Amino acid sequence: MKGSLIIVGFFIAGIIVGVSHWLPETSGLSNISYITLCALMFFVGISVGHNTTVLKSIRKLDPRYMLLPLMTITGTLAGCAVAALALPHRSLTDCLAVGSGFGYYSLSSIFITQYRGPELGTVALLANILREIITLLGAPLLVKYFGRLAPISVGGATTMDTTLPIITQCSGNNFIIVSIFHGFIVDFSVPFLVTFFCSL
């Protein structure tokens with residue numbers, strides 16, 4: 001929860017700085033999003049390659065749980081397609097691109113800003129932060145009403161890091177490996193799905 005509030009705080013601070021024009025407008029800053037994206041992808045690659053625990057723990061996983069990331073991705077995209085019907089000013093691909101962030105706000109919002117502009121990038125940032133906050137605050141209710149896998153699915157890409165403690169607390173230690181595996185696979189899918197829908 002604290003991490004999400006810090007991100008929101010930086011976002012609000014960025015808006016204030018941008019609106020106030022405190023930073024000089026120079027041509028050197030025009031590619032800063034692209035440079036940030038490249039650096040972020042580099043560090044994501046390091047974190048994925050360094051995390052050998054996930055690959056080792058897959059052998060212990062019940063094969064049925066391996067379908068959970070696929071169900072999360074499918075369910076999220078189906079929900080975004082339905083939401084697109086209620087948002088006539090937004091295209092289907094816009095909604096699918098935002099949903100494909102799966103809670104990974106830092107990466108998906110930069111991609112979407114690069115492809116579709118800052119307005120949709122901001123929507124993606126807020127939507128994905130909200131997904132994480134819902135998981136952090138609503139995990140006990142999700143377990144109570146929808147079962148132990150519910151907070152894992154709702155958490156999306158965050159279930160291998162920021163939301164793992166609350167998921168472990170609410171769903172139990174037996175679901176730690178499931179949560180990490182789920183987050184790893186969904187996390188890995190984000191750059192591919194976001195860029196795919198943005199390029200349509």
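Guide: Start with one term: contact means heavy atoms within 4.5 Å. Keep in mind that this model is predicted.

Visitor: Which residues of α10 does α6 meet?
Guide: Helix α6 covers residues 105-116. Its side of the contact is L107, S108, F111, I112, Y115 and R116. On α10 they meet V190, P191, V194, T195, F197, C198 and S199.

Visitor: Is α6 roughly parallel or roughly antiparallel to α10?
Guide: The two helices pack at an angle of about 20°, and their axes are 10 Å apart. Angles under 35 degrees count as roughly parallel. The angle therefore makes α6, relative to α10, roughly parallel.

Visitor: How many charged residues are in the contact of α6 with α10?
Guide: The crossing of these two helices is right-handed. Sorted by class, their contact has 9 nonpolar and 3 polar residues. The charged count is 1.

Visitor: What about α5 and α10: roughly parallel or roughly antiparallel?
Guide: Helix α5 spans residues 92-99, and α10 spans residues 176-199. They pack at about 165°, with axes 8 Å apart. Angles over 145 degrees count as roughly antiparallel. So α5 and α10 are roughly antiparallel.

Visitor: Which residues of α10 make the contact with α5?
Guide: The crossing here is left-handed. From α5 come T93, L96 and A97. By class, the contact has 5 nonpolar, 1 polar and no charged residues. The α10 side is V194, F197 and C198.

Visitor: Which residues of α5 does α4 meet?
Guide: α4 and α5 pack at about 145°, their axes 8 Å apart. Their crossing is right-handed. From α4 come T76, L77, C80, A81 and A84. In α5 they meet L92, C95, L96 and G99.

Visitor: Now the second largest pocket. Which residues lie nearest its centre?
Guide: About 410 Å³ of space lies in this pocket. Its lining has 21 residues. Those nearest the centre are C80, C95, V98, G99 and A127.

Visitor: Which element gives the largest share of that lining?
Guide: The elements giving two or more residues are α4 (68-86), α5, α7 (118-146) and α8 (150-155). The largest share is 7 residues. It comes from α7.

Definitions and conventions
Residues numbered from 1 in each chain as written. Predicted model: local features only at pLDDT ≥ 70, side-chain atom pairs only at ≥ 80, totals over all residues. Heavy atoms only, no water. Axes fitted to C-alpha atoms, helices over the stretch in contact; angles between N-to-C directions. Helix = DSSP H or I, 4+ residues; strand = E, 2+ residues; numbered from the N terminus. Parallel < 35°, antiparallel > 145°, perpendicular 65-115°, else oblique. Left-handed = near helix turned anticlockwise from the far one by under 90°. Nonpolar A, V, L, I, M, F, W, Y, C, P; charged D, E, K, R; others polar. 1 Å grid on protein atoms, 1.4 Å probe; cavity = no way out; pocket = protein on both sides within 12 Å on 5 of 7 lines; lining within 4 Å. Points joined across faces, edges and corners; volume = space filled by probe spheres on them.
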